[in-house]
Amino acid sequence: EVIFQRNVKHITDIAYAGMPSEKLLDAFSQQVYAQKRHRLYSLMDKHLLLTRNSYDHSGLNYNAGVAYFKQKTAIASVAAYGAAAHEIGHLLGATHEDAELKFNGWVCETYTHPRVPARSNCYRYSDRNRANITDYLKDNSK
């Protein structure tokens with residue numbers, strides 16, 4: 001189930017532009033856990049903050065996403081294609097190490113591969129990351 005929410009006080013109004021990734025993810029996570037809930041948290045609850053623009057301009061590259069590995073919260077920018085899938089993959093156990101380069105008429109990257117602009121998107125997770133995600137779902141959906 002995906003629930004898309006806009007205009008959530010203290011969550012969607014975070015001033016994210018220029019904020020370092022880890023600080024932003026911490027701020028988002030704290031606000032998610034501060035929200036009133038009608039049921040207990042589950043390892044299957046995931047929260048993704050989608051931002052309009054990239055946010056962390058402190059390094060050579062503009063960050064398009066960050067996630068706590070196998071945890072509940074992540075942030076991704078819609079300015080970078082595939083950033084949301086990349087970060088959701090991390091929430092579900094997909095790793096950079098298990099990502100692959102493939103060929104679909106051009107060299108392409110599976111979702112959790114670190115982005116290189118000259119490559120295209122494969123529009124899928126690697127077989128190993130699909131197995132990682134399947135294992136995570138089996139282990140945590142009981």
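**Labels and their cut-offs**

Modeller: Let's begin with the rings: by the rule used here, the count comes to two aromatic pairs. Keep in mind that this is a predicted model, where local features need pLDDT of at least 70 and side-chain atom pairs count only at pLDDT 80 or more, while totals for chains, interfaces and linings use all residues. Residues are numbered from 1 along each chain as its sequence is written, and side-chain values use heavy atoms, with hydrogens and water left out.

Colleague: What makes tyrosine 81 and tyrosine 123 an aromatic pair, and of which kind?

Modeller: Rings of Phe, Tyr and Trp (its six-membered ring) pair if their centres lie within 6.5 Å; planes under 30 degrees apart count as stacked, over 60 as edge-to-face and the rest as tilted. Tyrosine 81 and tyrosine 123 come out at 5.5 Å centre to centre with 70 degrees between the planes, so they are a pair, and an edge-to-face one. Tyrosine 81 sits in the loop between strand 3 and helix 2, tyrosine 123 in the loop between strand 6 and helix 3, and 42 residues separate them. Helices (H or I, at least four residues) and strands (E, at least two) are DSSP runs, numbered from the N terminus.

Colleague: Why is the pair of tyrosine 111 and tyrosine 125 called edge-to-face?

Modeller: Their ring centres are 5.1 Å apart and the planes are at 65 degrees, so edge-to-face is the label. Tyrosine 111 is in the loop between strand 5 and strand 6 and tyrosine 125 in the loop between strand 6 and helix 3, so this pair ties together parts 14 residues apart in sequence.

Colleague: How do you know whether tyrosine 111 is buried or exposed?

Modeller: Buried means under 20% relative accessible area, exposed over 50%, partly exposed in between (1.4 Å probe, protein chains only). Tyrosine 111 has 17%, so buried it is. Tyrosine 125 is buried too, with a relative accessible area of 17%. Tyrosine 123, at 53%, counts as exposed.

Colleague: What makes cysteine 108 and cysteine 122 a disulfide?

Modeller: A disulfide is a pair of cysteine sulfur atoms within 2.5 Å, and here S to S is 2.0 Å. A search of the whole structure finds one disulfide. The torsion about its S-S bond is about 90 degrees, so it's right-handed. Cysteine 108 lies in strand 5 (residues 107–109) and cysteine 122 in the loop between strand 6 (120–121) and helix 3 (127–140), so the link ties together parts 14 residues apart in sequence. Both cysteine 108 and cysteine 122 are buried.

Colleague: Why does alanine 79 count as exposed?

Modeller: Because its relative accessibility is 56%. Alanine 79 is found in the loop between strand 3 (73–77) and helix 2 (83–91). Leaving aside neighbours within four places in sequence, it has contacts (heavy atoms within 4.5 Å) with Arg52, Asn53 and Ser54.

Colleague: And serine 77, is that buried or exposed?

Modeller: Serine 77 is in strand 3 and, at 2% relative accessibility, counts as buried. A polar atom of its side chain lies 2.9 Å from the backbone nitrogen of alanine 79. Not counting residues up to four places away in sequence, serine 77 touches Thr51, Arg52, Asn53, Ser54, Ala64 and Ala83.

Note on methods
A polar contact is a pair of N or O atoms within 3.5 Å; within protein, one must be able to donate a hydrogen and the other to accept it, and residues adjacent in sequence count only if both atoms are side-chain atoms.
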